[in-house]
Amino acid sequence: HIVAFMNNKLDISTDKVNPNSKENPVVTGISWFIDAIDTTKLIEPNRFATLQTLFGPPLTPQAPMEQNSNSWNKVQLAPIGHTEKSAFHYYETAGNQIVDSLTRSSVRIGAVNWFGFDSSSFIAEGLMARNYHSILEQTRSLGFNTVRILWCNEMLLSRSQVTGVDFSLNPDLRALTPLQCLDRIVQYAGSIGLRIILARRSAQAGQADKETLWYIPGDEYYTSQRFVMDWMAMAKRYENSCVMAADLWDEPKTKAVGGEQSIGSSWAAERDFSDWNQAAEGAGNAILTASEQWLVVVQGIWDTAVGADRRFKSHGSDLSAVVRRPVALLAPHKVVYAVKECLCEGSECQHSHVSPFPSDSLRERWYSHWSYLVTDHIAPVIVTTLGPIRSDEEALAGWVHYLNGYYHNATINALHYDEQPLSWASWSLSTQSTDTHSSSGIFESNWNTVDMSLMSPIREAMAPRLL
């Protein structure tokens, strides 16, 4: 019935493609199709194969369409994973734990953020100073088991070109597209025992602070359908690789940074145009049709519950509504929630400087906003921003102590004997990020020297390698 419906709706024969059109009829038709149907009635766990057959291979242009600098032509998204069954283990959830689907043992993600594919350089940072192999090797040797790579939808456009790479240090990246460069990084990371989380940061490169929804209102290209289709294409491309999870959107916001007036994200407000939880369900279900092994990571929205007190605000830190409206995917045990709780410097982050850290009031706020999911054994949570702070090692050590299971107080560990503590991702590999206010990274600005004031406390939260 689905195929018959689509055949009646659009003619996708290649001889009818208008090469001067900005729209790929396959992309446009399937985007329209997804928007028109109730996916909750289609994407059931036992129908993954059917839907993969329906959507077919990753989308590629049917004819040349690049006519100007705003071309919508997409680069080819061909799978890079193994053609046979994947050699990697995959994961699901059980209560507040992430568990290995084969061994059934609980695991902990100890990751580090790597920016760059979300910037106008369209490449991971640091490649002007080092070869990406050596960066990944040192990342593994420092004890991280996962790399959280941030990307933007714009990098998938064929007009997007890689800049900021010393090709004498990275000769195998010469003349590659941003996506092909990501392929190389993913492949090498997997070969040395690292896992990858792909975290979509923004639609347009370098615009994360200005984008308050997962789509851009009024934009013809960066639509809610594009958000879903690009994630499906990425999931299909990397389904049998070391990529283990899709972090759907980094730092959902209720307003733009700087206070600009804009439509912001909501949770369970019964507004289709802004309810992030609904969008996450739709995207998550679509992703699992392409890669049923992945975890789907859903970050909270900006904490607005404390009024004018900006000391306790952080993008993506409010999951208080999950208790009444959780993200319910049709494939069970695949949702991991995420928060950004940033230890930063300055007047807006005064809670970072209390002693001892965290204070009782901050523990209470964390419980009401997100840690109840863990302490009440509802769902696992990953903290995506461990750090950054240079000037207060005591605060960072206190943060790590909390993440290690001391949720209620500093003396009693709340973990059961078979539980792993909170998963986390350090912020970040780089000392400076192109579109963030981050000033602290694992590597100094030369990309060779490790900042031990950050690494020493973080080592207390390291976890074993993920299979």
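Guide: A residue is called buried here when its relative accessible area is under 20%, and helices are DSSP runs of at least four residues, numbered from the N terminus. With that in hand, and keeping in mind that this is a predicted model, we can turn to helix 9, which spans residues 393–403 and whose buried residues are Ala395, Leu396, Gly398, Trp399, Val400, Tyr402 and Leu403. The cover over these buried residues includes helix 8 (360–375) and helix 10 (452–458), together with strand 10 (381–386) and strand 11 (423–426). After helix 9 comes Gly405, which has a positive phi, near 115°.

Among contacts with a separation of 6 or more, 73% are between residues 24 or more positions apart. The largest nonpolar core holds 104 residues, and Trp114, Leu198, Leu248, Trp267, Trp276 and Tyr337 have the most contacts inside it. Helix 7 (residues 276–290) gives the most to this core, contributing eight residues. Apart from this core lies another one of 15 residues, including Ile98, Ala111, Ile197 and Ile382. Returning to Leu248, and leaving aside its neighbours within four places in sequence, its contacts include Trp276, Ala280, Ala283, Gly284 and Ile287, as well as Phe227, Trp231 and Val297.

How values were computed: Residues numbered from 1 in each chain as written. Predicted model: local features only at pLDDT ≥ 70, side-chain atom pairs only at ≥ 80, totals over all residues. Heavy atoms only, no water. Core = buried A, V, L, I, M, F, W, Y, C linked by side-chain atoms within 4.5 Å. Buried < 20%, exposed > 50% of the residue type's maximum accessible area, 1.4 Å probe, protein only. Helix = DSSP H or I, 4+ residues; strand = E, 2+ residues; numbered from the N terminus. Contact = heavy atoms within 4.5 Å.
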